[in-house]
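Subject: Handing over a structure, with notes

Dear colleague,

I am passing this structure on to you, together with some notes on what was found in it. Please read them with the model open beside you.

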2 protein chains.
Amino acid sequence: MASIKDVAQKAGVGVGTVSRVLNNSGYVSDETREKIEEAMKNLQYTPNELARNLYHKKSGIIAVLVPTVEIPFFAELVHNIEAELYNEGFKIMLCNTDKAHNAELEYLDMLNRHIVDGVITGVHSLDVEEYKKIKKPIVAFDRYLGEDIPVVAVDHKEGGRLAAEILLKNGCKKIVHFRGSTAVESPYHERHFEFARIMKEQGVECFDYELAWNKFDLEYYKYAVKDLFDRLDEWEFDGIFGTDLVAIECMNEVIRRHKKVPKDVKCVAYDGTYITQIVEPSVTSIVQPTKELAKEAARLICELVNGKTYKNEKVTLGVSVRKGRTTIE
Amino acid sequence: MASIKDVAQKAGVGVGTVSRVLNNSGYVSDETREKIEEAMKNLQYTPNELARNLYHKKSGIIAVLVPTVEIPFFAELVHNIEAELYNEGFKIMLCNTDKAHNAELEYLDMLNRHIVDGVITGVHSLDVEEYKKIKKPIVAFDRYLGEDIPVVAVDHKEGGRLAAEILLKNGCKKIVHFRGSTAVESPYHERHFEFARIMKEQGVECFDYELAWNKFDLEYYKYAVKDLFDRLDEWEFDGIFGTDLVAIECMNEVIRRHKKVPKDVKCVAYDGTYITQIVEPSVTSIVQPTKELAKEAARLICELVNGKTYKNEKVTLGVSVRKGRTTIE
């Protein structure tokens with residue numbers, strides 16, 4: 001395999017000049033640059049990227065941490081983050097943190113070991129204190145991790161309000177409200193607070209079901225819905241509010257118990273990923289704009305990698321309503 | 001920040017000795033090793049992993065190429081591959097190739113540039129000739145890429161046979177059969193050949209609908225189902241066979257047109273990801289064992305990275321049937 005010396009010799013220049021062309025640093029005349037590029041082509045020279053990365057102290061890799069890409073919301077997010085970062089010249093290292101207790105910590109440690117240039121984290125498992133120790137580029141998705149770490153999230157309060165208004169307009173009087181775990185501090189709780197506040201104000205009864213922390217698989221949601229019906233006993237509801245998968249599973253159980261959707265029971269899902277559109281009836285949803293969320297997270301991590309710093313930065317994006325056929329009005 | 005020299009000085013040994021400990025190469029007495037580890041701890045020394053990777057000519061990263069993790073089958077596969085490789089000490093670089101025409105080629109090139117140690121490819125977009133040029137660790141998922149590249153796939157012929165038998169047992173006489181694109185050479189065609197062969201043998205009419213190459217999003221499947229109904233004209237069918245998402249979309253269209261599933265129309269899906277279990281009725285499926293497929297792909301890439309070679313290696317795994325409520329018998 002050709003070395004940098006071979007290239008220098010063939011082009012009739014010094015190794016330092018070839019290095020300047022490879023690293024795009026310092027002045028090299030156009031004529032010399034062309035000669036070097038010609039020599040590289042003739043010799044089929046492939047620069048050792050690891051060596052170049054070492055020189056630049058950059059790996060060109062951003063770690064992306066999510067609980068699991070098996071959940072459609074995280075799949076959409078990861079897909080869009082990867083596409084955004086690809087356009088900025090970065091590759092992503094994917095970590096599904098659900099598989100191992102200490103995986104999150106291990107990926108954060110890769111920042112220190114120069115394996116990745118930055119981390120975008122969408123997981124809610126590690127102690128905030130661990131993040132505060134790390135003075136490297138980190139962007140948080142939907143979680144507060146300290147004043148140096150920018151947060152990207154949607155306006156969850158607005159999302160909660162929109163969901164409440166739809167169910168009220170549809171005349172719901174008794175609603176099952178699936179809540180995220182209160183074990184972590186996250187902007188997502190705002191939707192639950194706002195939803196509950198409005199319902200209380202309007203005199204609508206809510207049955208709150210708090211989901212377990214960091215569990216996202218279908219098996220768990222099936223269990224939760226079964227558990228819900230056991231706990232409800234004779235209490236009959238006419239409205240459902242929860243994230244896509246649990247809302248769908250609850251709606252299906254209603255249908256299996258021979259009730260009609262939307263005639264007897266209305267349903268509003270939160271997130272609005274494609275799965276709300278592959279079920280019958282399609283589910284009215286509060287949609288998180290995953291493409292724009294990914295864009296903002298990618299922008300922020302690129303800025304941090306390039307040396308910019310932030311204090312208490314929070315980027316908040318709007319949500320939208322996509323009407324399905326689980327509501328009438 | 002402490003350097004390797006600082007560590008050597010503090011431990012009272014040479015830099016070479018520290019290097020041997022870091023790289024776990026050559027003899028170092030237990031006593032000396034302890035002294036060095038103690039010095040590293042005291043100085044909070046973090047080895048520069050990039051430099052170590054350069055020394056070992058290993059990055060510890062495997063690139064995983066799929067069309068997009070937004071498709072549940074690929075999400076399951078990626079999730080499981082990542083978990084398997086994590087246990088073997090590898091991280092994964094994820095590439096969704098649907099975003100850019102030349103992304104696949106760029107990731108293959110990273111093998112040459114020592115950014116990744118191996119590639120597991122589950123995409124069907126690049127010319128086979130490109131793969132033949134690369135003499136590096138590559139494992140193909142569901143595709144023939146040359147004799148040096150091991151293939152992991154399920155027994156698609158068996159899958160086609162099982163699907164055909166279920167629909168026959170349910171008395172179907174006119175079946176819509178969604179086929180994968182014939183633009184690429186893949187083991188998956190075997191399920192279509194076997195399915196069509198059995199149906200012909202049994203005198204059952206099939207309407208074959210060939211799906212576009214490398215299109216996997218819901219929008220496309222919605223279009224395809226609409227296009228199918230336009231083309232069918234007055235031809236009425238009583239059975240559906242296709243991959244999860246398109247089978248579900250077709251079933252939903254049947255329901256929207258006021259037919260009953262499974263009474264009027266039966267449905268069998270191929271892949272059997274979780275989405276076949278979140279729709280009503282849940283879809284009878286031929287299930288690909290994504291966990292085992294991931295395990296085999298991970299095992300093979302690790303072996304190749306460690307220097308093993310293969311000729312015409314093909315690992316074939318069995319499929320299973322998961323009965324849903326879209327069939328009766």
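To begin with a definition, copies of the chain are superposed by least squares on the C-alpha atoms of residues with pLDDT of at least 70 in both. This is a predicted model, in which local features need pLDDT of at least 70 and side-chain atom pairs count only at pLDDT 80 or more, while totals for chains, interfaces and linings use all residues. Residues are numbered from 1 along each chain as its sequence is written, chains are lettered from A and ligands numbered from 1 in the order in which they are written, and side-chain values use heavy atoms, with hydrogens and water left out.

How the two chains are related

Chain B is superposed on chain A by a rotation of 180° with 0.1 Å of shift along the axis, at an RMSD of 0.2 Å, and that is the relation of a two-fold axis. Of the residues of chain B, B:Met93 comes closest to this rotation axis, its C-alpha lying at 2.1 Å. Because 98% of the interface residues of chain B are also interface residues in chain A, the copies meet through the same surface.

Domains and a sheet of chain A

The domain assignment, whose bounds come from an automatic or database source, divides chain A into domain 1 (4–56), domain 2 (61–153 + 291–319) and domain 3 (156–288). Between domain 1 and domain 2 of chain A, the C-alpha centres lie 34 Å apart.

Helices (H or I, at least four residues) and strands (E, at least two) are DSSP runs numbered from the N terminus, and two strands pair if DSSP finds at least two bridges between them. In chain A, six strands form an open sheet with mixed pairing, in the order E7-E6-E8-E9-E10-E12; its edge strands are E7 (205–210) and E12 (320–322), each of which pairs on one side only. Within this sheet, strand E6 (residues 174–179) and strand E8 (residues 239–243) of chain A pair in the parallel sense over three bridges, and A:His177 stands opposite A:Phe241 in E8 of chain A. Helix H11 (residues 244–256) of chain A packs on the sheet, where the helix touches E6, E8 and strand E9 (266–271), and its direction makes about 150° with that of E8. Such angles run from 0 to 180 degrees between N-to-C directions, with axes fitted as lines to C-alpha atoms, for helices over the stretch in contact, and contact means heavy atoms within 4.5 Å.

The side chain of A:Thr276 reaches the backbone oxygen of A:Thr273 at 2.8 Å. Among the residues that A:Thr276 touches, not counting those up to four places away in sequence, are A:Asp244, A:Ile248 and A:Ala269.

In chain B, B:Val119 has its place in strand E3 (residues 118–121) and also counts as buried, at 0% relative accessibility. B:Val119 and B:Ala140 are 21 residues apart in sequence, and their C-alpha atoms are 8.4 Å apart in space.

Notes
A polar contact is a pair of N or O atoms within 3.5 Å; within protein, one must be able to donate a hydrogen and the other to accept it, and residues adjacent in sequence count only if both atoms are side-chain atoms. Buried means under 20% relative accessible area, exposed over 50%, partly exposed in between (1.4 Å probe, protein chains only).
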